[in-house]
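Hi,

Here is the structure I promised to pass on.

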Amino acid sequence: MSMEPTQLETLLNEVKSDLQLPSSFPSENLTQKIKEGEYFLNSLVVGAGAVDINFETDLSARSLLKEYVRHAYFGVIDEFKKKYEGEIFDTQINRLQPPS
């Protein structure tokens, strides 16, 4: 499930602030990177048998998504994957549903 437009806009503004970009900075590239990061992180946790991440309420996953966008903005996704491997694993574990 992807983010609602208002959630995406809020996250976009946070990323712009984190990167110290002016509000007039074009949004298309960053919006695409947010969507890619959302897909990337969700595919890792859902693929591990977990439920979709709610980036609105799960603040550690939200922070991880913003770090993904920051690394993507600077073109260093591989560095993100190495640096945040533990946090990604924790997110996978925290999202697992107990067996029914």
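**Where α1 meets α3**

Let's start with two helices: α1 covers residues 5–18 and α3 covers residues 59–73, and their axes come within 10 Å of each other, crossing at roughly 60°. That angle makes α1 oblique to α3. As for its hand, the crossing is right-handed. Before we go on, please keep in mind that this is a predicted model.

Which residues make the contact? On the α1 side they are T10, L11, E14, V15 and D18, and on the α3 side they are R62, L65, K66 and V69. Sorted by class, the contact of α1 with α3 has 4 nonpolar residues, 4 charged ones and 1 polar one.

**The salt bridges**

The count of salt bridges comes to 4.

Take R62 and E14 to begin with. Their side chains meet in a salt bridge, at 2.8 Å from N to O. This pair links distant parts of the chain, since R62 sits in helix α3 and E14 in helix α1, 48 residues apart. Is R62 buried or exposed? Its relative accessibility is 11%, so R62 counts as buried. E14 has a relative accessible area of 24%, which means that E14 is partly exposed.

E14 turns up again in the next pair. The side chains of K66 and E14 also meet in a salt bridge, here at 3.1 Å from N to O. K66 lies in helix α3 and E14 in helix α1, so this pair ties together parts that are 52 residues apart in sequence. K66 is buried too, because its relative accessible area is 19% and the cut-off for buried is under 20%.

What does K66 touch? If you leave aside its neighbours within four places in sequence, K66 is in contact with L11, E14, V15 and D18.

R70 and E67 meet through their side chains in a salt bridge, at 2.7 Å from N to O. Both residues lie in helix α3, 3 residues apart, which is about one turn of the helix. R70 has a relative accessible area of 30%, so R70 is partly exposed. E67 comes out at 18% relative accessibility and therefore counts as buried.

Which residues are linked in a network of salt bridges? They are E14, D18, R62 and K66.

**Stepping back to the whole protein**

How many helices and strands does the protein have? Its secondary structure comes to 5 helices and 0 strands. Read along the sequence, that gives the pattern α-α-α-α-α.

The protein has 100 residues, and 38% of them count as buried. There is also a figure for contacts across the chain: among contacts with a separation of 6 or more, 58% are between residues 24 or more positions apart. The R62 and E14 pair, 48 residues apart, is one to look at with that in mind.

That's everything from me for now. Happy exploring!

Cheers

How values were computed
Residues are numbered from 1 along each chain as its sequence is written. This is a predicted model: local features need pLDDT of at least 70, side-chain atom pairs count only at pLDDT 80 or more; totals for chains, interfaces and linings use all residues. Side-chain values use heavy atoms; hydrogens and water are left out. Axes are lines fitted to C-alpha atoms, for helices over the stretch in contact, and angles run from 0 to 180 degrees between N-to-C directions. Helices (H or I, at least four residues) and strands (E, at least two) are DSSP runs, numbered from the N terminus. Angles under 35 degrees count as roughly parallel, over 145 as roughly antiparallel, 65 to 115 as roughly perpendicular and the rest as oblique. A crossing is left-handed if the near helix is turned anticlockwise from the far one by less than a right angle, and right-handed if clockwise. Contact means heavy atoms within 4.5 Å. Ala, Val, Leu, Ile, Met, Phe, Trp, Tyr, Cys and Pro count as nonpolar, Asp, Glu, Lys and Arg as charged, and the others, Gly among them, as polar. Buried means under 20% relative accessible area, exposed over 50%, partly exposed in between (1.4 Å probe, protein chains only).
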